[in-house]
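The sequence and the model come first, and the description follows.

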Amino acid sequence: MATSMVCLVVLCLVSPFLLAGAVRGNPWYGGGLFPQFYDHSCPQAKEIVHSIVAQAVARETRMAASLVRLHFHDCFVKGCDASVLLDNSTNIVSEKGSNPNKNSIRGFEVVDQIKAALEAACPGTVSCADILALAARDSTILVGGPYWDVPLGRRDSLGASIQGSNNDIPAPNNTLPTIITKFKRLGLNLVDVVALSGGHTIGLSRCTSFRQRLYNQSGNGLADSTLEVSFAAQLRQGCPRSGGDNNLFPLDVATSTKFDNFYFKNILAGRGLLSSDEVLLTKSAETAALVKAYANDVHLFFQHFAQSMVNMGNILPLTGSHGEIRKNCRRLNNYH
């Protein structure tokens, strides 16, 4: 009975959102992308990306989460345009030095390897932005997650925005209204917020991203009351009050290398790692209904995650004659 009630609530909640997602009548949402974009100009493109991502994930499972996150941190800053890949240069202040990315974002060498292979096969054809979108999808599948067709045809940016990277990427300590606002600004909705948060079913997080929950969540010197007590004690052993900023912890304490719905089950048990995970349950009836629905039905989560990744990948792409196809993802073609 409880299960069917949750499903009813979620159906009522989700239908208008998904409908809105299908229409997306706002200027942020990218038309002109389609999965067959390279079928004639570089027919082996998808195969090349998949092969190199598979090798990278076989070497280190964590790389799957890192490549999904790279796409996420790209799309939330000026759209999915590979701006996150640019290094510092005369005219570029790299997004790699922003607060969300510094000492944290990774996977650039894998992207370099993919780009080199694509340039050898089809010079000047496949964009770095499309590499990120394909690598995120392939990474998800390789650790047990859903498949989706990736719309392609993005081009690469001619600049970066460290300010956008600092301000626009949802942060672990943001309030739920702030997180929702950051998604809505880009044409994404509440389903996208919860489904994409489910990407935390894989990967690791640094102590510095959740320390305040262990020691001083509300400025009163106490741990976050929504954090399960024994789990909090376990975390404090490896995440001291000071020092150990870069100590790593699994975002999904149950199955950290498998893409599944345990992330949502953990949240229900008070074992979500980040404040931004826990608030999905405690600060909104709508997001809480989705957390419960995904915890209860992995297929629903997979379906929504796949659609939300497509939605995110459609944020403000550069198409036509805008931007360029970089030969090296780390720098502009006219680099000097």
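Which residues does A160 touch, not counting residues up to four places away in sequence? They are K78, S83, L86, I92, V93 and E95. The model is a predicted one. A160 lies in the loop between α5 (128-142) and α6 (162-168). One of the residues it touches, I92, is 68 residues away in sequence, yet the two C-alpha atoms are 6.4 Å apart.

**Annotated positions**

An unreviewed UniProt entry lists H73 under "active site". H73 is part of helix α3 (residues 62-75) and is buried, at 4% relative accessibility. Apart from neighbours within four places in sequence, H73 is in contact with P100, N101, I105 and I169.

The feature "binding site", also from an unreviewed UniProt entry, is placed at D74, V77, G79, D81, S83 and E95. These positions are spread over 22 residues of sequence but cluster in space, with a largest C-alpha distance of 13.2 Å. G79 is in the loop between α3 and α4 (108-121), and E95 is found in the loop between α3 and α4 as well. G79 is in contact with D74, I315 and L316, leaving aside neighbours within four places in sequence. E95, with residues up to four places away again not counted, touches V77, S83, V84, N101, A160, S161, I162 and S165. The side chains of E95 and S83 make a polar contact at 2.8 Å.

UniProt (unreviewed entry) also has a "binding site" annotation that covers H200. H200 sits in the loop between α8 and β1 (204-206). Beyond four places in sequence, H200 touches L251, D252, Y263, L274 and D277.

| Residue | Relative accessibility | Class |
|---|---|---|
| H73 | 4% | buried |
| G79 | 0% | buried |
| E95 | 0% | buried |
| H200 | 24% | partly exposed |

**Helix α12**

Why is helix α12 (residues 275-282) described as largely enclosed by the rest of the structure? Six of its eight residues are buried. The buried residues are S275, S276, D277, E278, V279 and L280. They pack against α7 (176-184), α8 (190-197), α9 (211-215), α11 (262-268) and α13. D277, one of these buried residues, is also among the residues that H200 touches.

**Helices α13 and α14**

Helix α13 (residues 285-296) and helix α14 (residues 298-313) have axes that come within 5 Å and cross at roughly 120°. On the α13 side, A293, Y294 and N296 take part, and they meet V298, L300, F301 and H304 of α14. The residues of this contact divide into five nonpolar, two polar and no charged.

α14 has 16 residues and reaches 22 Å from its first C-alpha to its last, close to the 22 Å expected at 1.5 Å a residue. At the start of α14, a side-chain oxygen of D297 comes to within 3.0 Å of the backbone nitrogen of H299. The helix is mostly covered, with 12 of its 16 residues buried.

Methods: Residues are numbered from 1 along each chain as its sequence is written. This is a predicted model: local features need pLDDT of at least 70, side-chain atom pairs count only at pLDDT 80 or more; totals for chains, interfaces and linings use all residues. Side-chain values use heavy atoms; hydrogens and water are left out. UniProt positions are given in the numbering used here, feature names are shortened, and annotations may be inferred rather than shown by experiment. Helices (H or I, at least four residues) and strands (E, at least two) are DSSP runs, numbered from the N terminus. Buried means under 20% relative accessible area, exposed over 50%, partly exposed in between (1.4 Å probe, protein chains only). Contact means heavy atoms within 4.5 Å. Axes are lines fitted to C-alpha atoms, for helices over the stretch in contact, and angles run from 0 to 180 degrees between N-to-C directions. Ala, Val, Leu, Ile, Met, Phe, Trp, Tyr, Cys and Pro count as nonpolar, Asp, Glu, Lys and Arg as charged, and the others, Gly among them, as polar. The expected span of a helix is 1.5 Å times one less than its number of residues. A polar contact is a pair of N or O atoms within 3.5 Å; within protein, one must be able to donate a hydrogen and the other to accept it, and residues adjacent in sequence count only if both atoms are side-chain atoms.
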